[in-house]
Amino acid sequence: MGKVKLKKEAKLKRIRQFLVLIFLLAFVTVIIRYLLLGKGERDKLGGNTEEVEEALQSSENRLPEVVDTHEDTSYDIYLPTNWHKHSGEIKKILREANVLEVEPMRDFLRRCKKQAVFSGSVFRVALEGGIKAVFKTTSDGNMVRDRMEETAYDLSAYTNFAYVPPTVHRTLECDFSGNGRAEKKSGFLSLFVDTEFDSLRYTKEQFCAILSKIDEEELLNYKVFNFVFGNWDVGPGNVLVARCDSGKETRYHLVAIDNEGIANLQRVRYGEAPFVRWLKCPGAGENIQDFPFDEVNRSGETSREMVARKYGQWPPKRQHNYALFDGAYWAQFADFIWGSESDVTDLLYPKRLTETAKEKLKSLTKESLLELIAQSAGITDFMKARVDGFIERRDMLLEHFGIDDL
Ligand SMILES: Nc1ncnc2c1ncn2[C@@H]1O[C@H](COP(=O)(O)OP(=O)(O)O)[C@@H](O)[C@H]1O
Ligand SMILES: [Mg+2]
């Protein structure tokens with residue numbers, strides 16, 4: 001019996017020694033890791049945004065610039081109806097606030113159990129002051145496209161036709177890939193818009209049911225915005241429906257994202273989906289008159305290969321109509337998510353013009369639009385051609401509704 005007891009005690013002692021050893025090892029590893037890591041890394045390991053924010057606020061001298069996001073606490077920055085009133089202030093925050101955290105949008109959406117079906121390089125960003133934003137960068141560093149998203153916002157604020165999240169073009173230097181190294185990327189920064197809906201999961205009927213929550217005038221004006229400014233890439237993936245509770249009332253607003261399609265040169269016959277200049281051969285011209293609407297073809301594997309050889313790039317995979325015109329490949333392509341052209345035209349053509357839209361449309365001039373665009377994108381031949389398109393489509397719309405007193 002004594003022998004067995006001794007053996008048992010010896011075994012327990014070994015287990016205790018082993019546990020103490022493990023504990024010591026873990027403790028020493030944590031200490032060594034802490035000493036070896038740089039301060040930046042320690043901040044990163046330090047957890048959530050609130051902690052980082054608190055740390056920043058408690059040491060004012062570490063803030064290079066004071067951006068007081070609480071200047072006016074009487075408005076909710078995320079409420080779309082506040083954006084146009086406080087535009088300058090919100091854009092200043094987006095332009096100047098320090099970035100505290102960056103997370104790939106894909107990871108964020110998956111965490112929220114939402115569909116992450118998009119191709120762009122998009123990040124969810126936490127700014128100082130607790131503001132949530134979205135940073136999108138173009139893979140080819142195409143500055144024009146970055147600026148056009150800000151232009152789209154400025155146009156929305158100027159016309160009041162749609163709610164586009166407040167946006168600025170900006171270069172960020174952040175650890176985008178999570179490998180501890182900061183990279184510089186140019187792109188645009190928009191206010192983050194929260195939505196309870198995951199539209200990409202829905203059938204067309206379900207999506208329309210969500211749209212029916214939107215005030216009719218707001219929806220009509222949103223379509224005017226899309227058509228006049230050539231925002232052809234519309235569909236459930238490029239709108240967010242924001243719920244806004246104020247007191248007893250709940251309202252929903254439609255927020256247009258991914259509006260850089262306005263940068264594409266396009267030709268359209270009223271009521272149809274537009275043709276967008278997709279690919280250019282070297283030496284392609286800038287002619288947009290006499291577009292061959294009646295000489296279009298349907299894309300297929302053979303035509304796609306032919307186009308890829310000639311233009312050095314593949315046209316869209318999904319079947320679409322195309323025209324070859326003045327050295328360029330024009331695609332009547334849109335993300336027909338439910339398989340029909342009406343998926344797009346439903347969001348481009350209003351069935352009537354609201355009084356406010358009528359007045360605003362009549363007041364638009366080439367000069368006023370160029371002046372506005374000069375602030376975000378500068379006045380270039382490229383921009384002048386886009387503004388010509390805006391005015392041309394504005395005229396088409398007014399003509400369609402029999403309004404010609406310009
Ligand atoms: N301002 C925003 N607020 C909230 N989510 C956004 C915002 N901008 C983009 N997103 C999210 O990122 C996704 C991809 O953005 P998007 O600009 O549509 O990229 P892509 O050009 O690849 O389609 C959207 O479907 C949406 O879920
Ligand atoms: Mg998109």
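Let's start with what helix H13 packs against. Its buried residues sit against two helices, H7 (143–159) and H14 (381–400). This is a predicted model, so keep that in mind throughout.

Which residues of H13 are buried? H13 spans residues 366–376, and the buried ones are Leu 369, Ile 373 and Ser 376. They cover an arc of only 45° around the axis, so they fall on the same side of H13. Now turn to the other side of H13. There, Glu 367, Ser 368, Glu 371 and Gln 375 are exposed. So one side of H13 carries Leu 369, Ile 373 and Ser 376, because the arc is only 45°. After H13 comes Gly 378. The phi of Gly 378 is positive, near 75°.

Next, the ligand. How many residues surround ligand 1? The count is 17. The closest are Phe 118, Gly 120, Pro 165, Val 193 and Asp 258. Two elements give two or more residues to that shell: helix H6 (105–111) and strand E3 (132–137). What is the shell made of? It divides into 10 nonpolar residues, five polar and two charged.

Last, confidence. The protein chain averages a pLDDT of 86. Of the residues, 86% score at least 70. One stretch to flag is residues 36–71. There, pLDDT stays under 50. The model has 25 contacts beyond four places in sequence for residues 36–71. Where pLDDT is low, predicted coordinates should not be read in detail.

Note on methods
Residues numbered from 1 in each chain as written. Chains lettered and ligands numbered in written order. Predicted model: local features only at pLDDT ≥ 70, side-chain atom pairs only at ≥ 80, totals over all residues. Buried ≥ 20, exposed ≤ 12 C-beta atoms within 10 Å, placed from the backbone. Helix = DSSP H or I, 4+ residues; strand = E, 2+ residues; numbered from the N terminus. Arc of directions from axis to C-beta. Contact = placed C-beta atoms within 7 Å. pLDDT = per-residue confidence, 0-100. Near = placed C-beta within 6 Å. Nonpolar A, V, L, I, M, F, W, Y, C, P; charged D, E, K, R; others polar.
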